[in-house]
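Biologist: Could we walk through this protein together, one question at a time? I am new to reading structures.
Modeller: Gladly, let us take a look.

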Amino acid sequence: MAGEEKTVLKNTVRKYRLYPNKTQEEYFARCFGCVRFVYNQMLAEKIDHYKKTGKSIRVTPAKYKKEYPWLKEVDSLALANAQLHLESAYRNFFRDPKNGFPKFKSKHGSRASYTTNVVSNNIRLEKNHIRLPKTGSVRIRVHRKAEEGWRLKSVTVSRETTGRYYAALLYQHECSENQVHSVKEEKVLGMDFAMRGLAVFSDGTRAEYPMYYRKAEKKLAREQRKLSKCQKGSRNYQKQKKRLARVHEKVRNQRNDFQHKLSHKLAKEQDVVAVENLNMKGMSQALHFGKSTMDNGYGSFLNKLEYKLERKGKTFIKIDRFYPSSKRCSCCGKIKEDLKLSDRIYICPCGNEIDRDINAAVNIREEGKRLLMSV
């Protein structure tokens, strides 16, 4: 399926586990705190200035260093990136208010992380160690090396609630993309969301997602009960909190692993994948299926599938959420208005008797083909 190719710049992130010593852990904690402090200070000043003048103001971390000299102890690029993140949050809000106005970062509820940039070879990856500004050489586990020609642009250091540290390395590299990609009809796939098992495909197969959160519910409940019996703030409370966080982290890692493997398989085997543009948040709230819907992580899975298809020069199609994929007969095209949510088998007067979800997936595939031809 060769096509016309062009070279474009792509960004790829590789995430590795860090093993800092005590001194480095203390520095990371100071850096997380300074980044959070500067972000909150800038946000407060922006809000205050807007209330007084009705105009926006641009503030920088440099103005706070005289008043708070301890800000000089941490990487200045980490503070500069806090400003960039705040400006980006502002732009996103004014572009689409649904994104929400920037919020103040809580000491206990916010993600502990900071981002620093590569300047004059100040960050270097050396076998089992990474050299970071003002931190020195930190032990790192590199399980997957960057390819030749990739340039390191920035590093985001983060600490999970389990106490584990990670470094997300952002690389920039040139990538060849297919501009024109021939499509085989048998390699157009329709995919319908399934509450149990993540997705159903138009070829009759299912994703068979194991529902990791549901499997871990009893263990989570047990660990949560133990936490509730500990005195808040005590050493045992902190230990139990980490045990509970590890269970949540395992569920998240299992979900991500499953989604990456499935999305890679689909992107490799199919030329076009058509899906419905569903409102997952509304579905989880309105229908009271929050736990099952969030366990699937369907929105996250679609994001992974979309970028993997694009990298291979293939097509990802979103059809309108109001398209009657479930009510339309995939054989004769007649719409069954009285179809209920409890009806799991679609029965049509034309004689078509098919699983409701597979019927919807076939309709999504056909609508995807129609949209593809109309472009």
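Biologist: In which loop is the place of Asn 121?
Modeller: Keep in mind that this is a predicted model. Asn 121 is not a glycine, yet its phi is positive, at about 60°. Its place is in the loop between β2 and β3 (124–126).

Biologist: Does Asn 121 count as buried, partly exposed or exposed?
Modeller: Buried means under 20% relative accessible area and exposed means over 50%, with partly exposed in between. The relative accessibility of Asn 121 is 47%, so this residue counts as partly exposed.

Biologist: And Leu 198, is that residue buried or exposed?
Modeller: Leu 198 is another residue other than glycine with a positive phi, near 80°. Leu 198 lies in strand β9 (residues 198–201). Its relative accessibility is 0%, and therefore Leu 198 counts as buried.

Biologist: Let us step back to the whole protein. How many helices and strands does the secondary structure come to?
Modeller: The C-alpha atoms fill a box of roughly 80 × 60 × 50 Å along the principal axes. Of the 375 residues, 40% are buried. The secondary structure comes to eight helices and 13 strands.

Biologist: What share of the contacts with a separation of 6 or more comes from residues 24 or more positions apart?
Modeller: Contact here means heavy atoms within 4.5 Å. Among contacts in the protein with a separation of 6 or more, the share from residues 24 or more positions apart is 68%.

Biologist: How many nonpolar, polar and charged residues are in the contact of α3 with α4?
Modeller: From α3, the residues taking part include Tyr 213, Leu 220 and Glu 223. From α4, they include Leu 244, His 248 and Phe 258. By class, the contact of α3 with α4 has ten nonpolar, four polar and six charged residues.

Biologist: How many residues apart are Phe 32 and Tyr 114?
Modeller: Phe 32 is in helix α1 (residues 22–53) and Tyr 114 is in strand β2 (residues 112–117). Phe 32 counts as buried because its relative accessibility is 5%, and Tyr 114 counts as buried because its value is 3%. The pair links distant parts of the chain, 82 residues apart.

Biologist: Which residues do ring pairs link into a cluster?
Modeller: Phe 32 and Tyr 114 are both members of this cluster. Ring pairs link the cluster of Tyr 27, Phe 28, Phe 32, Tyr 114 and Tyr 165.

Biologist: One last one: which residues is Asp 357 in contact with, leaving aside neighbours within four places in sequence?
Modeller: Asp 357 lies in helix α8 (residues 356–374). At 12% relative accessibility, Asp 357 counts as buried. Leaving aside those neighbours, its contacts are Asp 192, Val 200, Arg 206 and Arg 344.

Notes:
Residues numbered from 1 in each chain as written. Predicted model: local features only at pLDDT ≥ 70, side-chain atom pairs only at ≥ 80, totals over all residues. Heavy atoms only, no water. Helix = DSSP H or I, 4+ residues; strand = E, 2+ residues; numbered from the N terminus. Nonpolar A, V, L, I, M, F, W, Y, C, P; charged D, E, K, R; others polar. Buried < 20%, exposed > 50% of the residue type's maximum accessible area, 1.4 Å probe, protein only. Phe/Tyr/Trp six-rings, centres within 6.5 Å; stacked < 30°, edge-to-face > 60°.
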